[in-house]
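Here is a protein model to explore step by step. Keep the sequence and the 3D view side by side as you read.

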Amino acid sequence: MDMQLVAEGFAFPEGPIAMNDGSVILTEIKAQRLTRVTPDGTKTTLVETSGGPNGAAIGPDGAIYITNNGGSFEWLDNGGLTIPGPTPASHTGGMIQRFDLATGKLTTLYDSCDGKRLVGPNDIVFDKSGGFWFSDHGCSTPEGRKFGALYYARTDGSHISRQRDHLISPNGVGLSPDEKVVYLADTNLGRLWAFDVAEVGVLGPPAGFAPGRVVANMPGYQLFDSLAVEASGKVCVATIINGGITAIDPDGSYEHFAFPDLIVTNICFGGADMRDAWVTCSATGKLFKARWPRPGLKLNFNA
């Protein structure tokens with residue numbers, strides 16, 4: 001695959017957004033900031049977020065909505081690679097933040113649902129109605145894991161609902177082109193789930209004992225991170241250990257595109273033909289741009 005290094009020196013980059021002006025805005029989880037990268041590789045800090053800014057997306061009002069895990073990782077250096085480690089004892093939970101690009105104001109929109117604290121919000125996608133689905137990755141504890149969940153919320157702070165609970169390690173989240181399916185990647189299981197949408201912001205009841213439909217399980221030891229969807233409906237999931245992007249068809253078949261990093265965390269699409277793909281390679285702190293073989297799905301909102 002034809003790829004080029006756009007910029008490096010990031011502190012665990014994630015959550016890339018392809019902007020209309022050709023720049024990319026991404027999160028730096030370890031550095032706790034939102035950064036703009038221009039096509040020539042120039043980096044500008046937009047805002048210091050605190051916590052752990054993970055996913056990011058443009059909402060219907062042109063603001064950036066951030067899934068902040070609240071600092072749910074300690075950071076390890078393994079031979080020069082940045083590796084997310086266990087959750088520090090100081091971690092109390094995460095939040096959904098709103099960053100106004102016009103004013104520079106950062107606010108917290110949600111930090112709980114039905115009286116239960118959000119643990120580690122991770123990834124986010126907006127539907128056509130202007131609401132958003134987001135994953136809560138949960139976190140590690142000395143005794144084991146706190147479960148994660150899948151949520152739906154509104155940008156005005158009026159509604160947040162937990163649509164699936166007791167998930168192992170939910171990470172990447174996306175919508176099928178017709179928005180009838182929410183896709184969710186589980187990191188530790190190396191699994192892509194599909195959940196049928198009954199109505200806007202509401203999932204249909206699970207069939208049987210499973211919380212949703214299993215689209216694909218990766219063989220061997222591979223971990224899943226965040227994702228983006230192609231215009232064709234294929235789901236492109238950032239893959240850890242087997243570093244790269246795994247493009248999964250709804251029927252479960254898949255192909256793998258390798259990138260030069262052990263921890264590939266996310267992909268976004270843009271450009272005139274939606275075939276420009278930006279990929280965050282986080283262990284080495286790099287952002288790559290590649291020509292994808294097929295166009296990505298145009299997101300509902302951009303700026």
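Start with one term: a residue is buried when its relative accessible area is under 20%, exposed when over 50%, and partly exposed in between (1.4 Å probe, protein chains only). This is a predicted model, in which local features need pLDDT of at least 70, side-chain atom pairs count only at pLDDT 80 or more, and totals for chains, interfaces and linings use all residues. Residues are numbered from 1 along each chain as its sequence is written, and side-chain values use heavy atoms, with hydrogens and water left out.

Now look inside. A nonpolar core is a set of buried Ala, Val, Leu, Ile, Met, Phe, Trp, Tyr and Cys residues joined through side-chain atoms within 4.5 Å. The largest one here has 26 residues. I64, F132, F134 and I160 have the most contacts inside it. Several strands (DSSP runs of E, at least two residues, numbered from the N terminus) each supply at least two residues of this core, among them β6 (53–58), β7 (64–68) and β15 (132–136). Take F134. Its contacts (heavy atoms within 4.5 Å) include T67, I96, L118, Y151, I160 and V173, not counting residues up to four places away in sequence. Another core lies apart from the largest one. This other core has 17 residues, including A228, I267, F288 and W292. In soluble globular proteins, nonpolar side chains tend to be buried together.

Next, turn to charge. Side chains of opposite charge can pair when their charged atoms come close. A salt bridge is a side-chain nitrogen of Lys or Arg within 4 Å of a carboxyl oxygen of Asp or Glu. The whole structure has 14 of them. One joins R33 and E28, whose closest N and O atoms are 2.8 Å apart. Is E28 buried or exposed? E28 is buried, because its relative accessibility is 2%. R33 is partly exposed, at 24%.

A second bridge joins R294 and E230, at 2.6 Å from N to O. R294 lies in the segment after β31 (286–291), and E230 in the loop between β25 (223–229) and β26 (235–240), so the pair ties together parts that are 64 residues apart in sequence. Both R294 and E230 are buried.

D276 is buried, at 13% relative accessibility, while R291 is partly exposed, at 31%. D273, D276, K289 and R291 are linked in a network of salt bridges.

Conventions: Helix = DSSP H or I, 4+ residues; strand = E, 2+ residues; numbered from the N terminus.
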